[in-house]
Amino acid sequence: IQLPKEMPQVWADSRRTVQVLVNLLSNANKFGPADSDIYLKAETVDGYLLVRVIDSGPGIPVEERGYIFRRFKHYGQDRVDPKAGSGLGLSVVKAIIEAQEGQTGIEDCPEGGTQFWFTLKTGVDQ
């Protein structure tokens, strides 16, 4: 876990934001190699808290990323995968974060794996 020295206040529904974190951490655990590390990092960027969940799994091909946050879609949906769920988790993540005026995304890690990220507005005067 890597957090800023001083965490800013954010505009967020705490219960729903915990749901986002649980979903992303659960996916990282489910799809990453057994006994591999999962990283949770946060930093402030331009009035937002940027939160990243980073795994060391196989990654998600670029051509499949366009729909990864849609309902009932998940990586490798053409394969039979006992780990695959209903395909709702990431769409819920996106809906919760966007309802809080944030954004979500996915990126490759240079050393392998995937990072899912989201932003939350910071400050109390907004």
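Me: Is Asp-35 buried or exposed?
Reply: Asp-35 counts as exposed because its relative accessibility is 83%. Buried means under 20% relative accessible area, exposed over 50%, and partly exposed in between, with a 1.4 Å probe and protein chains only. This is a predicted model, where local features need pLDDT of at least 70, side-chain atom pairs count only at pLDDT 80 or more, and totals for chains, interfaces and linings use all residues. Residues are numbered from 1 along each chain as its sequence is written, and side-chain values use heavy atoms, with hydrogens and water left out.

Me: Where is Asp-35?
Reply: Asp-35 sits in the loop between helix 1 and strand 1. Helices (H or I, at least four residues) and strands (E, at least two) are DSSP runs, numbered from the N terminus.

Me: What is phi of Asp-35 near?
Reply: For Asp-35, phi is near 60 degrees, which is a positive value in a residue other than glycine.

Me: And what about phi of Asp-46?
Reply: Phi of Asp-46 is also positive, near 50 degrees. Asp-46 belongs to the loop between strand 1 and strand 2, and counts as exposed because its relative accessibility is 75%.

Me: How do strand 1 and strand 2 pair?
Reply: Strand 1 (residues 39-45) and strand 2 (residues 48-54) are antiparallel, with seven bridges. Two strands pair if DSSP finds at least two bridges between them. The hairpin has two residues between the strands, and Val-45 stands opposite Tyr-48.

Me: Why does Leu-50 count as buried?
Reply: Leu-50 counts as buried because its relative accessibility is 11%. Leu-50 is part of strand 2.

Me: What does Leu-50 touch?
Reply: Leaving out residues up to four places away in sequence, the contacts of Leu-50 include Lys-41, Val-45, Trp-117 and Phe-118. Contact means heavy atoms within 4.5 Å. Leu-50 and Trp-117 are 67 residues apart along the chain, and their C-alpha atoms are separated by 6.9 Å.

Me: New topic. At what angle do helix 1 and helix 2 cross?
Reply: The axes of helix 1 (residues 14-31) and helix 2 (residues 89-99) cross at roughly 145 degrees and come within 9 Å. Axes are lines fitted to C-alpha atoms, for helices over the stretch in contact, and angles run from 0 to 180 degrees between N-to-C directions.

Me: Which residues meet there?
Reply: Among them are Arg-16, Val-20 and Leu-24 in helix 1, and Leu-90, Val-93 and Ile-97 in helix 2.
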